[in-house]
Every structure is written in C-alpha cells, then in structure tokens.
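Student: Please take one part of this model and look at it closely. I would like a connected walk through its contacts.

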Amino acid sequence: MKIKKIYLATSIISLLIGGIIYLLFRSTDLYMFKWLDSINLLSNLQSYRLIVTDFEKIIPKIVIYSIPNGLWLFSGILIIKVIWWEEIIYQRIYIIFFCIISFLSKILQLFNIVPGVFDILDLIILVIFSFLEKIINSGLPHKKWTPTIVRL
C-alpha cells in the first residue's frame, strides 16, 4: 500500500511540475492561456511569468518544450496504475491506450492534423518517460511471491 501512495504522490507532483513549466515559460498564444484569461487568471499569472523571465534564458529548451509532455505521460501512467492497482490486465490496456494517444498526438502534428509543432525530440522524451515507471519499479523492494500449495 505504501508504494501505491508513492505512485499517487509522484503522479500529482509530475503533473504539477509539467503544468508549472507550461504556465511560466510557454507562449501565451496557446489555447490554455485563452482559457485562463476567460476566467480572469491570466493577469495574476503574468506577474509570476515576469519574475522568471531571466531564468528562461538559462533553462534548456528541452525542459520548456518537451519535458512537460513526458511528465504528463508519466503522471497518467502512474495514476492508471493506482486506479487499477489490483487489475494488471486493465492497467496494461489503459496504459497502452494512453501511450498510443500521447504518441499519436505528436505524430499527427507532423501532418498538421493536430495543432502544434512536430519535434522528434518530443517523441524521444515520450518513449523515455513511458518506460520510466518500469525502470523505477524495478528498483523498488517487492514482496517475494511464493506459490500457495493446496493440499487435499
């Protein structure tokens, strides 16, 4: 149960970090900023964006433009694992479906079907983050499985 809580917390933190990067460093021409403006939150956000303006020059472009999507994919994978904790088959189905949607959204940018700029680096980041949970999970302590012997 402790690992499940770690997964949930990590999912939330990953989602928040990706969101904060987007809110502070991405162009205000994106749709999400129009939405924020419609609920009168954009003006509040602008003051925070001004504070971090100098940091944008030293932060690698990969962090601003590619890492948020990887973090969101990672967050989604973890939350799926938490929701379907006991049902491995459902975990796998939903994770595969979620990854396909993430990858397709990037690939379809290449053909101008989905808004955005296609970048092969985005796909590489998605591949890395899609396997990140497996890498982390392999380092966690697990209960050793022992078969139950049924005696008649």
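Tutor: Start with tyrosine 7. The model is predicted, and in it tyrosine 7 has a relative accessible area of 5%. Buried means under 20%, so tyrosine 7 is buried.

Tyrosine 7 sits in helix H1. Helix H1 covers residues 2-25, which is 24 residues. From first C-alpha to last, H1 reaches 34 Å, close to the 34 Å expected at 1.5 Å a residue. Tyr7 is one of the buried residues of H1; others on that list include Ser11, Ser14, Gly18 and Tyr22.

Now look at the rings. The structure holds five aromatic pairs. In one of them, the ring centres of tyrosine 7 and tryptophan 85 are 5.6 Å apart. Their planes stand at 90°, so this pair is edge-to-face. The partners come from distant parts of the chain, 78 residues apart. Tryptophan 85 belongs to the loop between helix H6 (67-83) and helix H7 (88-110). With 24% relative accessibility, tryptophan 85 counts as partly exposed.

Go along H1 to another pair. Tyrosine 22 pairs with tryptophan 72, and this pair is tilted. The distance is 4.9 Å centre to centre, with 50° between the planes. Tyrosine 22 is in helix H1 and tryptophan 72 is in helix H6, so the pair ties together parts 50 residues apart in sequence. Tyrosine 22 counts as buried, at 13% relative accessibility. Tryptophan 72 has a relative accessible area of 25% and is partly exposed.

To sum up, H1 contributes tyrosine 7 to an aromatic pair with tryptophan 85, and tyrosine 22 to a pair with tryptophan 72.

Key: Residues numbered from 1 in each chain as written. Predicted model: local features only at pLDDT ≥ 70, side-chain atom pairs only at ≥ 80, totals over all residues. Heavy atoms only, no water. Helix = DSSP H or I, 4+ residues; strand = E, 2+ residues; numbered from the N terminus. Expected span 1.5 Å × (residues − 1). Buried < 20%, exposed > 50% of the residue type's maximum accessible area, 1.4 Å probe, protein only. Phe/Tyr/Trp six-rings, centres within 6.5 Å; stacked < 30°, edge-to-face > 60°.
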